Each structure stands twice: as structure tokens, then as C-alpha cells.
Amino acid sequence: MYLAELAALEKIIASAGAQLRTQQHGSVTYQQHSFPLYSLQLGSQDSAAPVIGFFGGVHGLERIGSQILIGFLQSLLQRLKWDRSLQYQLESLRIVFMPIINPIGMALGRRANGNGVDLMRNAPINAAGPAAFLVGGQRISRHLPWFRGLEGAAMEGENQALCAVVQNQLLSSPLSIALDCHSGFGLRDRIWFPYAATRQPMPQLAEIYALQQLLIQCYPHHPYVIEPQARQYCTHGDVWDYLLHTLTPAPALQSASVPPHAHIFLPLTLELGSWLWIKKNPRQLFSIAGFFNPLVAHRQRRVLRRHLPLLEFLIRATHDYRSWLPQSIQRMDCQHAAIEQWYRQDRP
């Protein structure tokens, strides 16, 4: 099976040389075909350096997220040849890429991995309340969408690789941000943050709010709806919930008043509003890929460049996090403002 995105990524790896550090986290197989699981790093190897991680391809149908990240990685490598400001940033910043987490699903053109498991419903964490029917994760059958995997089974190999990258490359940093690129929901692009498992605020809510305010100040006309994922629907097995939960004490899952801890981890999900592409081009309804990806060439190019300001912004915000991270009383003010914005409003 041929996977164009994997071929493009391996071409980048082959040509990048020493400036790009590549790790292979095993491989996954389907019938007679084997696919490697790659992560790539640029910049500082100091464990005290802040880290920004870009992730994509969790759902095999959502190819556009992987394409955005592969294109952005190629751009960064070209800029590194001449851009002294980027070279300076990378002296004290690490950028991690894992753009193809589910290569089998992507090669087969389906959401789940080779075992029929939805990787974003597969982590060992359950929703605190009712989850959306089926969409929130189900154990009825692998032949139905949103299958979580068997009860008590280990996480799928792709998720184990993802968690290893996050734990080894991000969680040891004083501040790390992860952006996971998806598509397939709504008419507008969204930036979701945890939790998916509960409508209770996350312990890092003040930091999320401060980052949102920074984005608004820098890009007041940005196109994103920023909100907790549970504002739309709750799910079981969200990997980012799981990683965040393992980083904090158990009571933090239900508490909004957790003091800042030594390692701040802010997982974000970029959910591209693919229903707008269908609205503009109803013929996409006749293709399963059309529900999740722009099929018209000029619209695909527009999407590939539309989100570059966000990716650049996150790199700069990670590098200079000490300038905007709320402290002491300011953190309490951010916490209260965030609760007013996201948790004391009627559902839109």
C-alpha cells in the first residue's frame, strides 16, 4: 500500500540531514504491509527547554491535518538555511513533529487503525458523565465507528508511540504545548482544549485563558472558536485527557483550583470546520474523504496556508512563555475570567 504523505515525510527525512533528528517508534503492520511510526525533532535537546509538539493523522480519513504539518515542517527546514531569528529560537526551544500517527488508517482511507480501533477513544479513561451515544466511544463492535478497543486491553501501538513521544519529549519541560490536527466537525475552525471526559474545568485553565488572550491581542481577527471540547460533546478514551490526567493528581480531574505545577502541559486540538467545504462544494457528499478534507485544489491550498499564522504563533508563544504565563494573583484573575467565559454560559 502506498501512502503519499509517508513518502513525502521520508523524503524530507532523507534530505534534511543533521538538523532534523528522527526517531522510529516501532512500526504497525496490516496484512503484508508495514508502516513506521516516526517522530522528528528540531532545536534544543535541553530538558529545560520549552517544547511545542505538532501531531496529526490520528484518524486516517483526516489527511489534511497531516498535510498541513508536513508542509509546515518543510517550510521550517527551508527557513533554517537562512532565517537567523528561527535559528536563534531553536537554540532554546524544541519543536517536535509526529504528523502520521495512524498510517494504516490513512492508507486504507478509514478513521480507525488496522485493528478497527478509533485511537482517540482508546485511552484507559472514562467520561465522568454520559458520553455522546456511539460518537463518544463504544465497545459493541470493531465494525462500528468509534470503537474503543476491548475492555482491559493495552492501548494500541500507535497510541503507545504517541504517549512515549509526549512523555519523553514534552512532559519533562517546564512548559509544553501540543497541537493535534483533526477535521470533520462544524462550519468553523475550532481550537479545543481538555477535557473531553468531563465538563469540569481543567487545572491549567488559567494558562489556557492567558494563551487565548495573547492570540486575540496578536491576531484580533483570527478565525477560531476556542472552547473546551466537552462544550460540544463528551467522549471516553481521549488520549490528551489521559496524558493530562497522568500528569496531575487524581483530584485535579474534578477541580478548578489547582495551583500551578512545575511542568505545565497544554494540549490543544485544531478541529478544522470541514462542513464548510461541503457547503461550498456539495459534491463532496459523494466521497467519504470529502467529509474530512477539501477536495477542490484551490481550497486545499487555501487550507494549507490558512493555519500557518497559528502554528507560528504557538512556536513564538512557547519560546517566550515566561512573558505571558500568569503568576500569583494574575493567575487567579485568569482562572475566574475563564470560568465566566466557558463554564457559566448557556450552551451555544
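Start at the largest pocket: select E62, R111, D118, W146 and F292, which lie nearest its centre among 36 lining residues. A pocket here is an open set of points, on a 1 Å grid over the protein atoms alone, where a 1.4 Å probe fits and protein lies on both sides within 12 Å along at least five of seven lines; lining residues have an atom within 4 Å of a point. Its volume is about 650 Å³, counted as the space filled by probe spheres set on points joined across faces, edges and corners. The lining of the largest pocket splits into 17 nonpolar, 10 polar and nine charged residues (nonpolar: Ala, Val, Leu, Ile, Met, Phe, Trp, Tyr, Cys and Pro; charged: Asp, Glu, Lys and Arg; polar: the others, Gly among them).

Before moving on, note that this is a predicted model: local features need pLDDT of at least 70 and side-chain atom pairs count only at pLDDT 80 or more, while totals for chains, interfaces and linings use all residues. Residues are numbered from 1 along each chain as its sequence is written, and side-chain values use heavy atoms, with hydrogens and water left out.

Next, the second largest pocket, about 210 Å³. Pick D189, L276, W277, K280 and R306, the closest to its centre of 13 lining residues.

Now go inside. How many cavities of 30 Å³ or more does a search of the whole structure find? There are two, a cavity being a set of points where the probe fits but cannot get out. For the largest, about 90 Å³, select I191, F193, I208, L211, Q212, L215, I226, L268, L310, F313 and L314. By class, that lining has 10 nonpolar, one polar and no charged residues, and α6 gives the most, with four.

Follow L310, F313 and L314 into α10, where they are buried (under 20% relative accessible area, 1.4 Å probe, protein chains only). The 12 residues of α10 (308-319) should span 16 Å at 1.5 Å a residue, and the end C-alpha atoms, 17 Å apart, agree; the expected span is 1.5 Å times one less than the number of residues.

Note on methods
Helices (H or I, at least four residues) and strands (E, at least two) are DSSP runs, numbered from the N terminus. Buried means under 20% relative accessible area, exposed over 50%, partly exposed in between (1.4 Å probe, protein chains only).
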